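Student: I would like to learn how to read a structure file. Please take one feature at a time, with the general idea before the case.

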Amino acid sequence: METEEDDYMSDAFVNEALDFRPGVPMVKHVKHALKREELTKEISNQNKQKTYKQHELDRRDTALQTSMSTENKGFALLQKMGYVAGQGLGKEGAGRIEPIPLKVKTDKGGIGMEELKKRKAEEKLENYHRKLQVKKQTEKKSLDEFRDRKKTEREKRQIEGDLRKSQRACEQLDIQKGILVPKDSWNWPEGFNHETEQNEDSNTEGIEDKEELTPLVKLQHITSYLRRVHFYCIWCGTSYNDVEDLSSNCPGDTVADHDY
């Protein structure tokens, strides 16, 4: 039983309780006082007054976790109509078993705001996918155009190279055969000299055509001339004996025929 000397509210006792030194055993009544103080604080925290909002939340959670009893008028009416607790609603018992869950609205948005936000988010996502699709199509189109442009440039360089090659071959073969003036002005490389004014007049039409004909058309004319007159194929790099030898051993009269 506590004595009058143990005044737990006096400053002397508090100061004495706070004087803890390592290795010194704690007095029994000091231990008891500390335990009592901790218990008092715990009870005080438990009995601390809750806010109105907290009380409302506690009551709501308690009500939601408690099943309806027969004192509830609505539940009593259901039982009179044959409803048994734990079974689904409806004649066949296939309906809802649990009540419709309560969805508490915590924000300040009006009715329908969530649907509006959801719809706007879907529209934003749809617009993003549409823009992404348009971007991919644009990039693909640009890439295809770039490839086509490079292919055209490569084919153009190929044609111009084959044209120069065929002009040199035509000049060399014509001279070997005693032909000193080309059939057309562009059959030989640019820079050859005409021997007579008559030759210049006869080739005036060919010079005018030179400005109009494309390198591909010129190449086709020259390769046809080489095959017909000299039995020569610029892609095979061979002069054949005759037309029959050329037809039998040459794959064709275009560069595509010689791509193996």
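Tutor: Start with helices and strands, which are DSSP runs numbered from the N terminus: a helix is a run of H or I of at least four residues, and a strand is a run of E of at least two. This is a predicted model, in which local features need pLDDT of at least 70 and side-chain atom pairs count only at pLDDT 80 or more, while totals for chains, interfaces and linings use all residues. Residues are numbered from 1 along each chain as its sequence is written, and side-chain values use heavy atoms, with hydrogens and water left out.

Student: How many helices and strands does the chain have?

Tutor: The chain has nine helices and two strands. Along the sequence they follow the pattern α-α-α-α-α-α-α-α-β-β-α.

Student: Where is Asn-187 found, and is Asn-187 buried or exposed?

Tutor: Asn-187 is in the loop between H5 and helix H6 (197-202). Buried means under 20% relative accessible area, exposed means over 50%, and partly exposed is in between, using a 1.4 Å probe and protein chains only. Asn-187 counts as buried because its relative accessibility is 2%. For the chain as a whole, 16% of the 260 residues count as buried.

Student: Which residues is Asn-187 in contact with, leaving aside neighbours within four places in sequence?

Tutor: Contact means heavy atoms within 4.5 Å. With those neighbours left aside, Asn-187 is in contact with Ser-166, Gln-167, Cys-170, Pro-182, Ile-222 and Tyr-225. Cys-170, not counting residues up to four places away in sequence, touches Asn-187, Trp-188, Ile-222, Tyr-225 and Leu-226.

Student: Which residues make up the largest nonpolar core?

Tutor: A nonpolar core is a set of buried Ala, Val, Leu, Ile, Met, Phe, Trp, Tyr and Cys residues joined through side-chain atoms within 4.5 Å. The largest one here has twelve residues, including Cys-170, Trp-186, Trp-188, Ile-222, Tyr-225 and Leu-226. Helix H5 (113-176) and helix H8 (215-230) each supply at least two residues of this core.

Student: What span does H8 reach, and what is expected?

Tutor: The expected span of a helix is 1.5 Å times one less than its number of residues. H8 has 16 residues and reaches 21 Å from its first C-alpha to its last, close to the expected 22 Å. Its buried residues include Leu-219, Ile-222, Tyr-225 and His-230.

Student: What follows H8?

Tutor: Most residues other than glycine have a negative phi. Phe-231 follows H8 and has a positive phi, near 55 degrees. Phe-231 lies in the loop between H8 and E1.

Student: What volume does the largest cavity have, and which residues line the largest cavity?

Tutor: On a 1 Å grid over the protein atoms alone, a cavity is a set of points where a 1.4 Å probe fits but cannot get out; a pocket is an open set with protein on both sides within 12 Å along at least five of seven lines; lining residues have an atom within 4 Å of a point. Grid points are joined across faces, edges and corners, and a volume is the space filled by probe spheres set on the points. The largest cavity has a volume of about 30 Å³. Its lining is Thr-223, Leu-226, Arg-227, Tyr-232, Cys-233, Ile-234 and Trp-235, and H8 gives the most, with three residues.

Student: What volume does the largest pocket have?

Tutor: About 550 Å³. Of its 19 lining residues, Met-68, Tyr-83, Ile-97, Glu-98 and Pro-99 lie nearest its centre.
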